[in-house]
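Subject: The structure to look at

Hi,

Here is the structure I said I would pass on. Have a look at it first, and then read my notes below.

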Amino acid sequence: MVFRDTLKEPKLKVEGAGRDSTITVNLQNGVQAQFPAYLEEDMGISQKNLQSLASILLTRNVNNNIGKGLLERQMLGFDLEQISLEEMEHSLAERTVENRDVQASDDSFLPGLHEDTALDILAWSCRSDYPILACVNKKFKKLLGSGYLYRLRRRLGVIEHWVYLACILMPWEAFDPVRQRWMRLPRMPCDECFTYADKESLAVGTELLVFGRELSGFAIWMYSLLSHEWARCPPMILPRCLFGSSSLGEIAIIAGGSDKNGRILRSAELYNSELGVWQNLPDMNLPRKLCSGFFMDGKFYVIGGMSSQTECLSCGEEYNLETRTWRRIENMYTVSSAGHPAMRSPPLVAVVNNQLYSADQATNEVKKYDKINNTWSVVKQLPVRADSSHGWGLAFKACGNSLLVIGGHRGPEGEVIVLHSWDPQDRTMHGPEWDVLAVKERAGAFVYNCAVMGC
């Protein structure tokens with residue numbers, strides 16, 4: 001193969017021990033690369049991956065036919081199991097045609113390759129490896145901080161979903177389902193009021209937004225995947241809580257909710273994460289709070305909630321982004337009669353492959369929505385009980401082609417958070433059972449906030 005004919009096997013030596021030590025990779029011609037040792041300990045980056053990555057990034061005069069070799073996962077050390085290699089080959093072929101008259105430069109991100117081809121390869125690689133790339137040199141760090149790779153991934157259709165959780169006994173953590181790895185986020189620099197107040201969360205683009213209340217009023221804290229830091233997000237035009245929300249790519253829509261005086265709202269706003277700005281949208285037909293939002297077939301929907309302190313809503317509303325109009329849909333969501341309306345959580349809904357599912361808080365059932373007949377049918381039992389706390393403390397999310405149910409479990413060894421997964425289209429391999437995707441120990445038994453970021 002090209003790699004074995006061109007490159008000598010690098011020798012890896014770990015110097016010292018602990019977080020301040022470094023991993024030195026010695027390549028041919030005396031070239032060396034150093035990576036922080038904690039990348040292996042905290043991030044699960046293996047020495048083999050460091051070898052492969054350093055070889056690719058730092059070795060000069062690589063054969064121009066390297067494109068085919070880069071598609072082989074074992075040589076790269078990248079995780080391409082979830083990526084279509086045929087699509088990647090097609091992308092690389094297009095780049096080759098575009099750049100056939102352009103000479104490759106040693107200043108490219110991957111020496112010996114044209115810049116555009118190198119960027120395509122980096123975009124196809126697993127984003128778990130991006131922190132390593134940022135350690136290579138300032139050029140890589142600047143590239144990753146610009147967000148360009150994530151925009152390129154979106155154009156190529158490369159999406160990896162990470163789950164972000166905040167539970168009772170732990171700060172925010174991210175979970176990578178492909179690598180089965182938990183990553184703790186930096187502590188949010190908010191005041192004590194925000195820490196203990198009720199919060200809502202939403203992932204949009206490469207940002208995790210957390211909505212809550214500080215001593216001075218409503219506030220939004222934003223975690224950036226690019227900088228790995230928390231910062232204040234620009235406030236909404238009309239700050240609110242208890243709203244319905246959802247994201248589509250780099251935009252998100254917030255609808256309804258209550259203002260600081262408790263007034264139930266019918267207004268809606270759109271947030272653009274790349275521009276960092278909010279803009280007003282037309283008002284909904286009805287005010288509502290404690291509602292849920294989702295995108296389906298390119299349109300935004302709001303269902304459930306209350307229009308007053310006692311009146312529950314069974315109708316839904318559909319927002320068309322092209323015509324900027326709302327359409328009311330009667331009897332779109334069945335209102336449960338169990339418990340007081342104000343005690344129930346907003347509807348637990350998720351959209352997988354443009355199909356809407358809900359987790360019924362009263363019957364512990366998963367239901368699927370029929371768009372044509374405007375009806376719901378039972379498809380599955382939940383793997384945890386939602387009725388014991390009226391739907392609170394439980395997350396029901398879409399993660400790629402699967403549904404996720406995340407909830408607490410009390411066992412003989414204490415309280416744990418369990419991530420259950422089910423692919424609605426997989427009728428043969430797993431049957432009717434839920435897969436246990438992960439178990440988070442010492443996390444309590446209550447999910448306060450959960451968001452899934454796909455980028």
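Gln-180 sits in the loop that links strand 5 (173-176) to strand 6 (181-184). Phi of Gln-180 is near 55°, which is a positive value in a residue other than glycine. With 44% relative accessibility, Gln-180 counts as partly exposed. On the cut-offs: buried is under 20% relative accessible area, exposed is over 50%, and partly exposed is in between (1.4 Å probe, protein chains only).

His-390 also has a phi near 55°, again positive in a residue other than glycine. You'll find His-390 in the loop between strand 22 (375-381) and strand 23 (395-399), and its relative accessible area of 26% makes it partly exposed.

Before you go further, please keep in mind that this is a predicted model: local features need pLDDT of at least 70, side-chain atom pairs count only at pLDDT 80 or more, and totals for chains, interfaces and linings use all residues. Residues are numbered from 1 along each chain as its sequence is written, and side-chain values use heavy atoms, with hydrogens and water left out.

Now the chain as a whole. It holds eleven helices and 27 strands, and 51% of its 455 residues count as buried. The chain exposes about 21900 Å², with carbon and sulfur atoms supplying 48% of that (Shrake-Rupley method, 1.4 Å probe; for residues, only the protein chains shown count as cover). If you take the contacts between residues at least 6 apart in sequence, 51% of them join residues at least 24 apart; contact means heavy atoms within 4.5 Å.

How many disulfides does a search of the whole structure find? The search gives zero, a disulfide being a pair of cysteine sulfur atoms within 2.5 Å. As for individual cysteines, Cys-241 is buried at 18% relative accessibility, and Cys-315 is buried at 2%.

On to the helices. Helix 7 (residues 115-124) has eight of its ten residues buried, so it is largely enclosed by the rest of the structure. Among those buried residues are Leu-119, Asp-120 and Trp-124.

Helix 9 (residues 138-146) and helix 10 (residues 148-156) have axes that come within 5 Å and cross at roughly 60°. The two helices are therefore oblique to each other. Leu-143, Leu-144 and Ser-146 of helix 9 make the contact with Tyr-148, Leu-149 and Arg-151 of helix 10. By class, that contact has four nonpolar, one polar and one charged residues. Axes are lines fitted to C-alpha atoms, for helices over the stretch in contact, and angles run from 0 to 180 degrees between N-to-C directions. Under 35 degrees is roughly parallel, over 145 roughly antiparallel, 65 to 115 roughly perpendicular, and the rest oblique. Nonpolar covers Ala, Val, Leu, Ile, Met, Phe, Trp, Tyr, Cys and Pro, charged covers Asp, Glu, Lys and Arg, and the others, Gly among them, are polar.

Leaving out residues up to four places away in sequence, Ser-245 touches Leu-202, Ile-253, Ile-254, Gly-293, Phe-294 and Phe-300. Phe-300 belongs to strand 16 (residues 299-303) and is buried at 0% relative accessibility.

Cheers

How values were computed: Helices (H or I, at least four residues) and strands (E, at least two) are DSSP runs, numbered from the N terminus.
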